[in-house]
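Reader: I have a structure to go through and would like to talk it over. Can we start with what counts as exposed?

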Amino acid sequence: MLLTFEARWREYARDFVEAPLFSHLILVLIIFNVILLGVEVDVSSHVGLSDVPSWMQTANTAIVGVFLLELLLKFIALGCTEFWCAKDSSWNLFDFVIIAISVADVALDILATSLTPDVNTGHLRLIRSIRLARALRSMRSWQYIGGLRTLALSIVSTLGSLFWTLMLLLIIFYSFGVVLTQMVVEHCRYMNIEVTGDNNAIPVCPDDLKKYWSSVPTSMLTLFMSITGGLDWEAPVRPLWGVSRLAVVLVLIFVAITVFAILNAVTGVFCNTAIESAASDKEVASMRQVQSKAKQVDTLRGIFQELDRGKTNELSIEDIHQGIEEGELSNFLESIGISTGDVWTLFMLLDSDQQGCIDLEEFVNGCMQLHGPAKRACRWPR
């Protein structure tokens, strides 16, 4: 009896959590929370912390309460094992961490507000002002919006490629940075030796060379900014004309290699990885399959209405034959892999109740079965 009661509550919780209306409500609350955060930050920039409207704190507390209730309902619906170990356990862990931080943020907010003015709450105010949890809540919308979910998975899947790309670029920056810095330093040292007559003189570079090429880290930063739009590379190249023509050529080679070869190749790898990741996500693929199936059903319904010229809500073999001859039916069936070469066989396969006519449900279900896995079990008579 206890197991039956627990299973019933779990079923109720699962139906409630998986209801589209509930998902839409959570999504609306997430968006409202993000908007509220922006309004609160904007308001607090013009007033003292104690003058921020209290309704904002109340609204934030209520939103966190709803999110906490959502998490508890998910836990009840899925159970401990499925909640932490099922296919969506990563999203559940993500929700748990964000909501836990949100609860701590609300608790600190309430504590800082409830303390007397004589108590120093500066450290609490500092933690409270971070608002990291509330900013992270907007990321929960990824699991409710298919497009954002696909983009998020694509970005995560490219992190490995991003790491090795950065390693490759770091090696290139370092190699060219060492060579260019050495050439500039030797040039500056030689110029200072000529001025002072001291063969052990310290290299002293002009301001333009010192700004871009005075050390290996500075040279690496200059090279990085030159290919990422942070700096027009003509500015650091111009002072190199007085150092060596070879230094200018090296910068040109660096720009050509990174911009035309490495970055283009990296972009291709990133795109391919992102596409493969989006295609491998089962939930996204399931959503696309459902949408495709719904579109095919709507198309079949439209074709049925066009073939049913007598408005009898039934199709005869003559209607099917005429539709195939005129191309209304044959084009669509051929596009989904259903042969229309034998009209009589096609009609018999669609007429599941063998009444000599096909209604709307038989027509739609028959075409979808021929298109789906059931098609392989059918053997057309010869």
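Author: A residue is called exposed when its relative accessible area is over 50%, and buried when that is under 20%. Keep in mind that this is a predicted model.

Reader: Then Cys85, buried or exposed?

Author: Cys85 is exposed, because its relative accessible area is 61% and the cut-off is over 50%.

Reader: And Cys188 and Cys205, buried or exposed?

Author: Cys188 and Cys205 are both buried. They form a disulfide, with the sulfur atoms 2.1 Å apart.

Reader: How many disulfides are there in the whole structure?

Author: One disulfide turns up in a search of the whole structure.

Reader: Where do Cys188 and Cys205 sit?

Author: Cys188 is in helix α8 (residues 159-196), and Cys205 is in the loop between α8 and α9 (207-213). The two are 17 residues apart. The link of Cys188 and Cys205 is right-handed, with 120° about the S-S bond.

Reader: Change of topic. What does UniProt say about transmembrane regions?

Author: The unreviewed UniProt entry places the feature "transmembrane region" at residues 21-39, 59-81, 93-115, 162-185 and 246-270.

Reader: How much of residues 59-81 is helix in the model?

Author: Residues 59-81 are 100% helix and 0% strand, and their end C-alpha atoms lie 33 Å apart. For residues 162-185 the model also gives 100% helix and 0% strand, with 33 Å between the end C-alpha atoms.

Reader: How many helices and strands does the chain have?

Author: The chain has 17 helices and two strands.

Reader: Take α14. Which of its residues are buried?

Author: In helix α14 (residues 317-326), the buried residues are Asp319, Ile320, Gly323 and Ile324. Seen down the axis of α14, they fall within an arc of 130°, so they line one face of the helix.

Reader: What is on the face of α14 turned away from that buried side?

Author: That face of α14 carries the exposed residues Glu318 and Glu325.

Reader: What pLDDT does the chain average?

Author: The average pLDDT is 76, and 75% of the residues score at least 70.

Definitions and conventions: Residues numbered from 1 in each chain as written. Predicted model: local features only at pLDDT ≥ 70, side-chain atom pairs only at ≥ 80, totals over all residues. Heavy atoms only, no water. UniProt positions renumbered as here; feature names shortened; annotations may be inferred. Helix = DSSP H or I, 4+ residues; strand = E, 2+ residues; numbered from the N terminus. pLDDT = per-residue confidence, 0-100. Disulfide = S-S within 2.5 Å. Buried < 20%, exposed > 50% of the residue type's maximum accessible area, 1.4 Å probe, protein only. Arc of directions from axis to C-beta.
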